[in-house]
Amino acid sequence: GLKKGLAEVEKEIVQLPEGSTDPFRAIMTAFNEKATQEYEQVSAALGKVKEQFKSILELYGEDTNTEADAFFTTIYNFISTFEKAKKENQKRQEAIDQAARAEKKKATNQQ
């Protein structure tokens, strides 16, 4: 992976002759130091994200080995189904309200 690639770049830099007028060594050394530092920061952040995701899985009672895409697909499906049920319930309530108004109007007209 990336870590191995950075280690390979480090090996190549070390093998370059020192004192050369070729700027490659200086440029690659600076690049490798910055890239290694950024890799370590991203790697640490990824570790935190994985810990937080595991906590979320535990909170929702899911297996801690569940993949993120499977978990979020489950959440998405739940929300979609919930929204559909909510709309159906609203339509059902509107129909009940409309029938009640019609019944009330019918009773008022008969008097």
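**Close-up views of a predicted helical model**

**View 1. Packing of helix α1 against α2.** Helix α1 (residues 2-15) and α2 pack with their axes 10 Å apart and at an angle of about 155°. This is a predicted model, in which local features need pLDDT of at least 70, side-chain atom pairs count only at pLDDT 80 or more, and totals for chains, interfaces and linings use all residues. Residues are numbered from 1 along each chain as its sequence is written, and side-chain values use heavy atoms, with hydrogens and water left out. Helices (H or I, at least four residues) and strands (E, at least two) are DSSP runs, numbered from the N terminus. Axes are lines fitted to C-alpha atoms, for helices over the stretch in contact, and angles run from 0 to 180 degrees between N-to-C directions. α1 and α2 are therefore roughly antiparallel to each other (angles under 35 degrees count as roughly parallel, over 145 as roughly antiparallel, 65 to 115 as roughly perpendicular and the rest as oblique). The crossing of α1 and α2 is left-handed, a term used if the near helix is turned anticlockwise from the far one by less than a right angle, with right-handed used if clockwise.

**View 2. Residues between α1 and α2.** On the α1 side, the contact (heavy atoms within 4.5 Å) is made by Leu-2, Lys-3, Leu-6, Val-9, Glu-10, Ile-13 and Val-14. On the α2 side, Arg-25, Met-28, Thr-29, Asn-32, Ala-35, Thr-36 and Tyr-39 take part. The residues of this contact of α1 with α2 divide into eight nonpolar, three polar and three charged. Ala, Val, Leu, Ile, Met, Phe, Trp, Tyr, Cys and Pro count as nonpolar, Asp, Glu, Lys and Arg as charged, and the others, Gly among them, as polar.

View 3. Asn-32 has its place in helix α2 and counts as buried because its relative accessibility is 3%. Buried means under 20% relative accessible area, exposed over 50%, and partly exposed in between (1.4 Å probe, protein chains only). Leaving aside neighbours within four places in sequence, Asn-32 is in contact with Leu-6, Val-9, Glu-10 and Ile-13. Phe-31 also lies in helix α2; with a relative accessible area of 44%, Phe-31 is partly exposed. Phe-31 and Val-9 are 22 residues apart in sequence, and their C-alpha atoms are 9.6 Å apart in space. Glu-33 is found in helix α2 (residues 24-59) and is exposed, with a relative accessible area of 55%.

**View 4. Packing of α2 against α3.** α2 and α3 pack at an angle of about 45°, with their axes 12 Å apart. That makes α2 oblique to α3. The crossing of α2 and α3 is left-handed. Phe-53, Ile-56 and Leu-57 in α2 meet Ala-68, Phe-71 and Phe-72 in α3. The residues of this contact divide into six nonpolar, no polar and no charged.

**View 5. The aromatic pair of Phe-53 and Phe-72.** The whole structure holds five aromatic pairs. Rings of Phe, Tyr and Trp (its six-membered ring) pair if their centres lie within 6.5 Å; planes under 30 degrees apart count as stacked, over 60 as edge-to-face and the rest as tilted. Phe-53 and Phe-72 form a tilted pair, 6.0 Å centre to centre with 35° between the planes. The pair links distant parts of the chain, with Phe-53 in helix α2 and Phe-72 in helix α3 (residues 68-110), 19 residues apart. Phe-53 counts as buried at 17% relative accessibility, and Phe-72 as partly exposed at 46%. Phe-53, Tyr-60, Phe-71 and Phe-72 form one aromatic cluster.
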